[in-house]
Amino acid sequence: MNAKDIKATMRAERLALRDAIPLETRAAMSLAMAEHAGEAIAFDPGTIISGFLPIRSEADLRPLMARFRARGARLCVPAILDRQTIAFRELVDGAPLVSTGFGTSGPGPDAPVLDPEILLVPLSAFDTRGHRIGYGAGHYDRAIDRLRQKGMHPKLIGIAFDCQEVAHVPDEPHDVSLDAILTESGLRFFASWIG
């Protein structure tokens, strides 16, 4: 099998494991993630942080994002504009949420579009080197590349459950490595900027 086929198999296997986690357990695991990272991730007030609202069996980042907002972060979430592009729309308290593509929800098209300095990145699998397998559409890889073309160096924190770890993700030239991974067991660093 080539790297693409291996990734597809790993993606399916790890997402099936994630899907099997009972809802109540996922909620408790999500709260543990907020406890592990709510104060541990270093940033200045006004820093733009992209989170996401959960779809399918993803971790619920709303408690963590609330902690970041309380520390002065400016929050945004992705909106899928087309098959190639996501934009990060500002998420403010009380703003109505609409469908934003790929099963996601977030602020509508009138919300300001921001360039995040820290991205909380959903994924299907990860390894101990900080390599990840996304959902297969490449939205985050392209968004990160666009930010880098603007001269930005966004910090990337993968969001997953422990069951999504694999021994080795086959990395390809276009793949972007994570700076950290956050699971229900804690925050693991692959770069020194975070702590």
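1. Cys 163 is partly exposed in this predicted model, its relative accessible area being 23%, whereas Cys 76 is buried, with a relative accessible area of 0%. The number of disulfides comes to 0, where the criterion is a pair of cysteine sulfur atoms within 2.5 Å.

2. The largest pocket has a volume of about 560 Å³, and of the 31 residues that line this pocket, those closest to its centre are Gly 134, Tyr 135, Gly 136, Ala 137 and Gly 138. Two or more lining residues are given by each of helix 1 (3-19), strand 2 (74-80), strand 5 (104-107), strand 9 (132-133) and helix 4 (139-149), with the largest share, 4 residues, coming from helix 1.

3. Helix 2 provides the largest share of the lining of the second largest pocket, namely 5 residues.

4. The residues that line the second largest pocket include Leu 23, Arg 26, Ala 27, Ser 30 and Leu 31, along with Pro 54, Arg 56, Glu 58, Ala 59, Asp 60, Arg 62 and Pro 63. Sorted by class, the lining of the second largest pocket consists of 6 nonpolar, 1 polar and 5 charged residues.

Methods
Residues numbered from 1 in each chain as written. Predicted model: local features only at pLDDT ≥ 70, side-chain atom pairs only at ≥ 80, totals over all residues. Heavy atoms only, no water. Buried < 20%, exposed > 50% of the residue type's maximum accessible area, 1.4 Å probe, protein only. 1 Å grid on protein atoms, 1.4 Å probe; cavity = no way out; pocket = protein on both sides within 12 Å on 5 of 7 lines; lining within 4 Å. Points joined across faces, edges and corners; volume = space filled by probe spheres on them. Nonpolar A, V, L, I, M, F, W, Y, C, P; charged D, E, K, R; others polar.
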